[in-house]
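The stops below are given in the order in which they may be selected.

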Amino acid sequence: MDLSDEDKREIGQHFVFGFHGYEVSEDAKELINKYHVGNIILMKRNVQSVKQVHALVRSLQQCARDAGHRHPLMIGIDQENGLVSAFSSTAKYQAGTQFPGAMAIAATGDPEYARNCSAASAREMKAVGINWSYSPVGDVNSDSQNPVIGVRSFGDDPTEVARFAKAVSDGFTQSGVAPSAKHFPGHGDTNVDSHLGLPVINKSRAELDQTELKPFKELIDAGVASIMTGHMVIQALTGDSKTPASLSRAVTTTLLREELQFEGVVVTDCLEMNAVKERQGGVPRGAVEALAAGTDVVMVCHTMAFHTGSMEATYEAVQKGELHMDELRKSGERITALKRKFAGTWDDVLGNPFDEKAMNVLQATNKKLSGEAYAKSTALISGSLPVFSSRKIVVMTPVVESLNAAVDDAEGVQRTEKGHVRNTAAPYYVSFAESVGRRAAEVEHLVYAADFDCRRDFGEGLIFVTRNADRSAWQLDVLERVATQALSGVPIVVLASCAPYELFSRRVLGVQACVASFEYTSEALEAAAGVIFNEVPPVGESPVSIRRQ
């Protein structure tokens, strides 16, 4: 069968594509004009300022209107807050407000912070035209060695994960941004990163019901607008050991649609991850399989050849009868309903000029809320905080390793053969040393690697910062050598700047205090400095424990 223009317009609604640059690229124009793509994802590479994003989104929407799209584009972004915050400010650019991520916000113990921070973040996004946030993370971090979820999860208790994920979903929704719970049916109990390989979760259906599926069931019952499927094999659901959940009809249609009765939009995680890209047929074939499984929207974030290849493969699959236009149109009704609720009309997306004054007022309010939430998230895991003398404090921070492909953006970053960033302390650790410097008479900032020479003066106090040292145990090797070398009476505080699992290790016994910030954003580390210097009490509590592992 030949595809009509109307058929191709329908097919375009079933994809969300990314592009490069701070302005609408020629690739993006071609995807919207020629391939009628109905949804766009913005990445960190597209965000320079709130004003620039507003102009970019407006240009994208104008392009879609001029191309004859019936409804405005859904404009999505990975705004989980915390370490995955594509809209938030960076060391280089001022953009959206940085709010605590999942594990930090769960450490407050108060879902109202989750709801209020998400609503505040969504108000900023909505003001610049972003209407779809790929958040909350519904994964239960039940494997402490998980390389890709970790602090992106609200914890290791499915009941608590559900409670906080629902609050985040509510916050986004009330501010007019569609949430997307991820990574269905659960990416928490794996030590393989789907960016790099295909994770396999060996659990029975009963175990899945108790843990992985529980937050998603509650989110569905609460009416979450969309759900993102993940690239992991769960044989108890898929029936085989090779098909990712995102490409499985047993998961997307039988479980999610029929059994759990989810009526919203299903979107895949990005198909350019190795878990899908390295399968036979690669990304284009993956797109066809995802649609055949019952997915509404297929995500491909980075490469134009994969964008056009996925569209052409879908055309061919329809022409061969592998995909059916009537099923795509039925699925398209769900996408249209999402657009009507969250994107609105052409007047809504094109009729609002950027209000810089209102944005400044909003961001001032949001910064205060963010600071309050971060202050409540820092946890004292063990020991008692010292009163540092007014003399020199040494801050030790680890060389930066690529530990998480969802967080560590290595584009354009020079690394050594061992994967360490060359020549530099990470900007967030520089920021932490500056935070300490505002509270101490003198600060020496040392960046340590596995071969760090401990024969030195450690001043009147030491703050030893770790990052996932349960997986990078060399950091604890250095800590033990430092503790032996430091003069007796020199207080040592260990600050876990990401997941707190290393603080449950016997290897930190003997230090004066163990503190967890649950993320290494500058804002979280500033809050941790306030706690370490006894300005605010450590009221946070860890949402994970080694005992539950």
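**A parallel trio of strands**

Begin by selecting β7 and strand β8 (residues 226–229), which pair in the parallel sense over three bridges. Within this pairing, Phe-184 has Thr-229 of β8 as its bridge partner. The model is a predicted one. Colour strand β7 (residues 178–184) by accessibility: seven of its seven residues are buried.

**A helix pair**

Now select helix α6 (residues 158–174) and helix α8 (residues 213–221), whose axes come within 8 Å and cross at roughly 35°. The crossing of α6 past α8 is right-handed. To display the contact, show Pro-158, Thr-159, Val-161, Ala-162, Ala-165, Lys-166 and Ser-169 on α6, together with Lys-214, Pro-215, Glu-218 and Leu-219 on α8. Of the residues in this contact, six are nonpolar, two polar and three charged.

**The six-stranded sheet**

Move on to the open sheet of six strands, ordered β11-β16-β15-β14-β12-β13 and mixed in its pairing. Its edges are β11 (379–383) and β13 (442–448), each of which pairs on one side only. From one strand to the next, the twist averages 20°. Inside the sheet, select strand β12 (residues 392–398) and β14, which run parallel and are joined by four bridges. Val-394 has Leu-462 as its bridge partner in β14.

α18 lies across β12, β13, β14 and β15 (492–496), and runs at about 170° to β14. Helix α19 (residues 522–532) lies across β14, β15 and β16 (513–516), at about 155° to β15.

**A loop residue**

Which loop holds Arg-471? Select the segment between β14 (461–466) and α18 (474–485), where Arg-471 lies. Arg-471 is partly exposed, because its relative accessible area is 27%, between the 20% and 50% cut-offs. A C-alpha to C-alpha distance from Arg-471 to Ile-40 gives 35 Å, for a separation of 431 residues in sequence.

**The nonpolar cores**

Finish with the largest nonpolar core, which has 96 residues; Leu-42 and Leu-60 have the most contacts inside it. Centre the view on Leu-60: beyond its neighbours within four places in sequence, Leu-60 is in contact with Phe-19, Val-24, Ala-28, Ile-32, Ile-40, Leu-42, Leu-73 and Ile-75. Then select the second, separate core of 61 residues, which includes Val-395, Leu-462, Leu-479 and Ala-496.

Definitions and conventions. Residues are numbered from 1 along each chain as its sequence is written. This is a predicted model: local features need pLDDT of at least 70, side-chain atom pairs count only at pLDDT 80 or more; totals for chains, interfaces and linings use all residues. Side-chain values use heavy atoms; hydrogens and water are left out. Axes are lines fitted to C-alpha atoms, for helices over the stretch in contact, and angles run from 0 to 180 degrees between N-to-C directions. Helices (H or I, at least four residues) and strands (E, at least two) are DSSP runs, numbered from the N terminus. A crossing is left-handed if the near helix is turned anticlockwise from the far one by less than a right angle, and right-handed if clockwise. Contact means heavy atoms within 4.5 Å. Ala, Val, Leu, Ile, Met, Phe, Trp, Tyr, Cys and Pro count as nonpolar, Asp, Glu, Lys and Arg as charged, and the others, Gly among them, as polar. Buried means under 20% relative accessible area, exposed over 50%, partly exposed in between (1.4 Å probe, protein chains only). Two strands pair if DSSP finds at least two bridges between them. A nonpolar core is a set of buried Ala, Val, Leu, Ile, Met, Phe, Trp, Tyr and Cys residues joined through side-chain atoms within 4.5 Å.
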